[in-house]
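We will go from stop to stop, and at each one you will hear what to select and what to look for.

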Amino acid sequence: MNSLTKSSLRYLFKHPWQFGLSVLGIAMGVAIVVSIDIANFSSSRAFNLSLDAVAGKATHQIIGNSDGIPDSFYRSLRIDNGIKNIAPVIESYVSIPDSGRRVFKLLGVDLFAERPFRDYLSETGSSIDGVFKDLFTKPNSIILSEDNLKKLNRTIGDSILVQINGKEKFLVISGFIKEDENNRSALENLFITDIASAQQLTEKKDHIDYIDVIIKNESEEKMLVDLLPDGFVLQQSGLRSQTAEQMLDAFNINLTSLSLLALIVGLFLIYNTMTFSVIQRRVLIGTLRSIGVTSGEISGLILKEALIIGILGTIAGFAAAYFISKFLLTIVSQTINDLYYVVSVREIYISPAIIIKGIALGVIATLLSALKPAKEASGVHPRSAMIRSEQESSLLKKIPRMTFAGMLFIIAGAVTLIIPSKNVWLSYFGILPVIIGFALLTPVVIILVEKIFSPLYKKLFGITGKMSSRSILQNISRTYISIAALALAVAATVGVGTMVSSFRSTVIDWLETRLNADVFISAPSLISRRNDAVLNEDILDKIKAIDEVRDFNFYREVELLQEGKRYHLLASGLSKRSYSGFKFKEGDPDEAWKRFEDGEIFLSEPFAYRYDLNVGSMLTLKTDNGMRDFKVAGIYYDYASDQGLITIQYEHFKKFWNAKGFSGISVFVKDENSIGTVKDKIQSLETGGQQLIVRTYKFLRDSSVEIFDRTFLIAKVLQILSVIVAFIGILSSLMSLQLERKRELGILRANGLLPSQLFLMVNLQTLLMGFTAGLIALPLGNILAAILIYIINKRSFGWTMQFDILPGILAEAMILALVAAVLAGIYPGYKMSRTSPVNALREE
Amino acid sequence: MKKYLKTSDNKKFGYQFTIFRTSLSSDKNSGTSEWSSNQIYMAHFTVTDISNDKFYFDERFSRDGNELAGAQVNSFKVWLEDWEIIETQNRTAFDLPVINVRAKTDKAEINFILESLKPVVLQGEKGLSQKGSQRGNASYYYSYTNLKTDGKIIIEGKEFKVSGNSWMDREWSTSALSEDQKGWDWFALQLDDTTELMYYQMRRNDGSPDDFSKGIIVNKDGSLEQIKKDEVNLIITDNWNSPAGVKYPAGWNLRIPSKNIDLKINPAVSDQLLDVSIKYWEGSVNIEGIRNGLNISGRGYVEMTGY
């Protein structure tokens with residue numbers, strides 16, 4: 001180790017606060033980005049693993065009609081056509097009420113057909129006594145992993161009460177499978193049962209869900225396709241997970257966008273930290289230069305330091321990410337369960353890409369952000385480097401240029417953002433110049449604020465006030481970076497906060513118009529925002545027969561899997577009084593409803609956006625009688641699903657699809673006072689074991705809002721995390737700033753400034769800095785919100801939202817900036833006021 | 001069903017087709033699904049291409065739910081997916097319908113019409129065949145020892161018209177072996193003088209023949225002669241090692257002095273091992289020997305389990 005490296009290390013150790021905070025700042029930046037990546041990756045991987053586990057070695061699946069595949073079709077494939085590598089599957093979900101509503105996938109298989117498909121079953125399949133015998137001969141028997149057996153606190157022979165499609169049933173444990181490395185993830189949330197039990201439990205009379213197939217070559221595939229009746233498709237196994245992944249795409253992108261925002265804040269802080277550590281040592285660097293150290297050696301030294309800080313920060317960041325991601329994962333998987341599909345994520349998965357991204361951020365970004373300060377430090381003449389005023393005056397000279405460049409950056413960002421495109425990444429790319437632009441405008445704002453506040457400060461606090469405000473300007477090369485970083489952090493919270501609250505009020509308005517009935521009935525579903533469970537059709541007749549019921553709506557939701565896409569089709573039996581609940585984005589309402597009644601379809605806004613469809617476009621749907629074209633009669637605003645919905649009138653739906661039952665029924669009462677009575681009457685209907693969820697308008701509205709809030713909980717969490725990152729950054733830079741003024745403050749003390757005056761001075765200064773940052777953050781925050789609402793959400797989901805500026809959020813932001821600044825000033829103020837002038841002035 | 005067949009140009013084949021049905025519980029499955037079942041079907045199908053020294057085998061399982069496998073009396077039919085034994089005409093021969101036997105795998109396929117040439121043979125005591133000293137170690141067992149067989153065999157895409165004679169056994173039981181028994185060697189032999197000889201030797205754990213070993217001779221006119229264990233002298237003359245290293249007998253000298261029978265029995269193809277869920281050797285054999293002082297030849301099937 002040469003003496004230069006030693007001197008740099010000594011510097012770092014002599015300034016443990018600054019060193020520690022730099023590492024912490026980088027660590028937090030890395031931690032947030034990495035933990036979001038981990039949460040995203042783990043949840044989609046958990047889902048894929050569970051799909052793969054279920055698909056096993058199947059290369060394809062035969063997907064049937066909306067009500068599945070008849071048993072007889074499977075039989076005819078096997079017997080009449082002699083096709084052997086096929087296996088029938090029924091797949092469902094069960095939840096266990098007395099185990100925290102844990103959800104398991106119930107996989108119904110025919111063990112005789114299974115051997116080529118699912119490895120972990122082969123053990124069980126080869127012996128015809130014991131476990132297998134019970135599974136086969138006793139209805140509702142299941143096998144599960146040994147691990148789950150323990151977790152559920154059950155033994156062989158015990159029964160479990162589960163809820164399946166809204167009905168309570170007992171399952172009997174007939175055996176378990178020991179986990180090993182290969183089957184662990186497959187078995188994690190799996191109950192395996194015989195196909196007969198599954199059919200009985202799911203009440204899929206004479207039907208199975210799909211047929212797994214192993215196809216070896218194209219001729220086999222062709223032969224099989226030729227055997228399929230209309231409406232049946234043969235699709236590749238991978239497609240199932242692909243469509244599931246597509247479903248999550250927009251959600252993941254939005255999460256990533258939040259993490260990117262945190263990343264930008266983090267980068268800024270890293271830049272801030274590195275710049276600081278160089279600026280602070282200009283005198284030292286000047287000394288080194290004047291005793292013959294070359295400029296190359298100086299920049300090498302600074303980069304080396306950056307590397308050390310970067311590496312330490314990255315390591316700490318990964319460690320923190322591990323814990324943060326565990327926490328985020330519970331939120332993310334809750335949201336996925338609310339909105340998309342049932343998945344239980346318990347393992348944390350890390351991909352090489354995540355590690356590379358984290359390292360790139362922590363180490364490379366740190367190095368890059370050290371480049372400019374390093375170049376500056378090494379490029380300066382040794383003598384002028386030692387003069388502090390030099391750097392301040394040089395920055396002051398640059399301000400007009402910086403301001404102009406800032407404007408240019410903002411314009412460049414704006415241009416990038418208004419390029420018409422569906423590309424979300426392009427919009428992120430546009431945010432960056434806007435942020436840099438604002439950062440470059442910071443010095444000019446500082447000058448303006450100083451001009452306005454300097455007289456005020458002087459008036460209020462006398463010379464102490466005047467000095468504290470002036471010194472912001474005098475130290476502008478340092479203060480502007482801290483202020484810009486704080487401003488950006490606060491702006492990010494304003495942006496995200498405003499976006500969420502705008503979205504929220506849009507959704508509430510929409511809910512209030514759309515939910516225009518009084519009582520809503522559905523079957524218990526495992527996915528909150530979707531009704532995957534089905535009500536028996538006779539329930540509607542029973543509801544109609546209730547005296548107080550004036551009118552009703554009903555609908556049936558089906559999933560159409562076609563050409564690798566997953567469409568949600570809503571067949572609505574709407575009473576005319578519900579028509580007003582639909583607000584059309586495109587299409588004349590009267591005309592649209594008329595054509596809807598004639599069999600044309602409506603699309604929700606996200607659906608139309610996603611597939612580029614307009615009123616008058618044709619959409620091909622997979623009906624139970626084959627593919628069929630439908631004309632679009634209208635496009636309506638809808639926030640129920642980011643996947644988008646297709647709506648068709650129920651009568652017309654029944655012409656093309658066989659699906660039975662209803663997903664939901666809503667009821668209008670004759671007299672508002674009878675809502676409670678109607679609710680009670682419906683709840684006490686004889687339903688043959690079918691559980692009904694009966695909710696009033698108010699309850700449904702509130703619970704929908706609750707789901708919404710849960711969905712955006714992650715945004716809140718990230719917002720808080722990025723504030724913490726920002727706070728640490730601000731703390732570190734403000735503290736360094738003040739600590740660095742040791743000599744200056746020492747002179748002031750020596751000249752008679754009281755410790756209390758000094759404390760006041762430091763804090764007045766940071767307060768003003770916080771105010772300046774707040775002033776910049778408010779417009780920037782609203783611009784970020786507008787970008788999130790009008791561009792990023794629109795491009796991700798296709799939703800139109802109203803923009804709501806909430807004064808509360810703005811006030812909160814300003815308070816946040818002020819509090820952060822003041823907190824950051826307390827310690828240095830305290831420390832400086834306690835230091836004796838002699839020590840402060842002593843040269844090293 | 002084990003049989004020997006040949007084509008008009010003297011290509012020789014053997015086949016075995018067995019359907020096993022197992023009831024997993026005495027109670028009926030109370031499930032309401034079409035798939036609900038307590039019956040498992042298993043089938044073994046082999047073809048021995050004697051001229052080419054090749055052996056094809058396959059195994060299948062199914063439940064009887066969803067009509068994937070099953071058995072019915074009226075319009076007689078036993079099937080496991082597309083492997084089936086099915087009544088073809090409204091015609092019976094010696095109380096047995098004329099049946100069609102069909103089975104196929106990727107490589108081998110058979111499709112035969114079978115018509116019995118002899119009356120039913122009730123094995124053991126009026127059809128109750130005791131296999132061990134303990135209760136339950138017995139089967140109801142009858143045989144049709146000679147069925148005229150015509151049809152086709154397709155091997156690796158090549159079709160052969162064949163004719164010959166089949167042998168059909170039908171048994172049902174609770175268990176087959178007692179604790180001190182290890183397996184059996186079972187001979188089903190069709191001799192050229194239109195007599196058939198069945199002999200099974202139950203093997204004890206120490207390898208010695210069990211007292212419950214027995215057999216029967218079916219004369220040309222269908223009359224029967226019982227064979228007791230003490231009358232038989234069965235000597236192994238050759239052995240064959242399976243790929244897994246298990247030693248199987250592969251040649252026998254079967255002598256029944258009381259009946260003036262002295263037969264040399266040799267596998268038509270040495271590897272006729274069914275490497276399925278329960279491994280066993282069952283295959284076509286050639287017979288040369290002397291009966292009542294005259295040279296005699298024949299063909300048959302030998303089944304060996306418990307090795």
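## Stop one: a strand in chain B

Select Asp49(B), which stands opposite Lys54(B) in β4(B). Strands here are DSSP runs of E with at least two residues, helices are runs of H or I with at least four residues, and both are numbered from the N terminus. Before moving on, note that this is a predicted model, in which local features need pLDDT of at least 70 and side-chain atom pairs count only at pLDDT 80 or more, while totals for chains, interfaces and linings use all residues. Residues are numbered from 1 along each chain as its sequence is written, and chains are lettered from A and ligands numbered from 1 in the order in which they are written.

Now colour residues 39-49 and 54-63 of chain B: these are β3 and β4, which run antiparallel and are joined by 10 bridges. Two strands count as paired if DSSP finds at least two bridges between them. Within this pair, His44(B) has Glu59(B) as its bridge partner in β4(B). The two strands form a hairpin with four residues between them, and Asp53(B) in the turn has a positive phi of about 60°.

Zoom in on Gln16(B) to find it opposite Thr46(B) in β3(B).

Is β3(B) mostly covered or uncovered? It is mostly covered, with 11 of its 11 residues buried. Buried means that 20 or more other C-beta atoms lie within 10 Å of the residue's own, exposed means 12 or fewer, and partly exposed is in between, with C-beta atoms placed from the backbone. In a regular strand the side chains alternate between the two faces of the sheet. Both faces of β3(B) are covered: one side includes Tyr41(B) and Phe45(B), and the other includes Ile40(B) and Met42(B).

## Stop two: a helix in chain A

Select residues 589-597 of chain A, helix α20, whose buried residues are Ala592(A), Trp593(A), Arg595(A) and Phe596(A). They lie on the same side of α20(A) because they cover an arc of only 165° around the axis, the arc being that of the directions from the helix axis to the C-beta atoms. Turn to the other side to see Asp590(A) and Lys594(A), which are exposed.

Show β15, β16, β18 and β19 of chain A to see what the buried residues of α20(A) pack against. After the helix comes Gly599(A), with a positive phi near 105°.

## Stop three: Thr711(A)

Jump to Thr711(A) in helix α24 (residues 697-711) of chain A. Thr711(A) is buried because 23 other C-beta atoms lie within 10 Å. Its C-alpha atom is separated by 8.6 Å from that of Ile336(A), 375 residues apart along the chain.

## Last stop: where the chains meet

Show both chains: 18 residues of chain A are in contact with 24 residues of chain B, contact meaning C-beta atoms, placed from the backbone, within 7 Å. Which helix supplies the largest share of the side of chain A that touches chain B? α9(A) does, with five residues. The predictor gives the complex an ipTM of 0.89 and a pTM of 0.72.

How values were computed: Contact = placed C-beta atoms within 7 Å.
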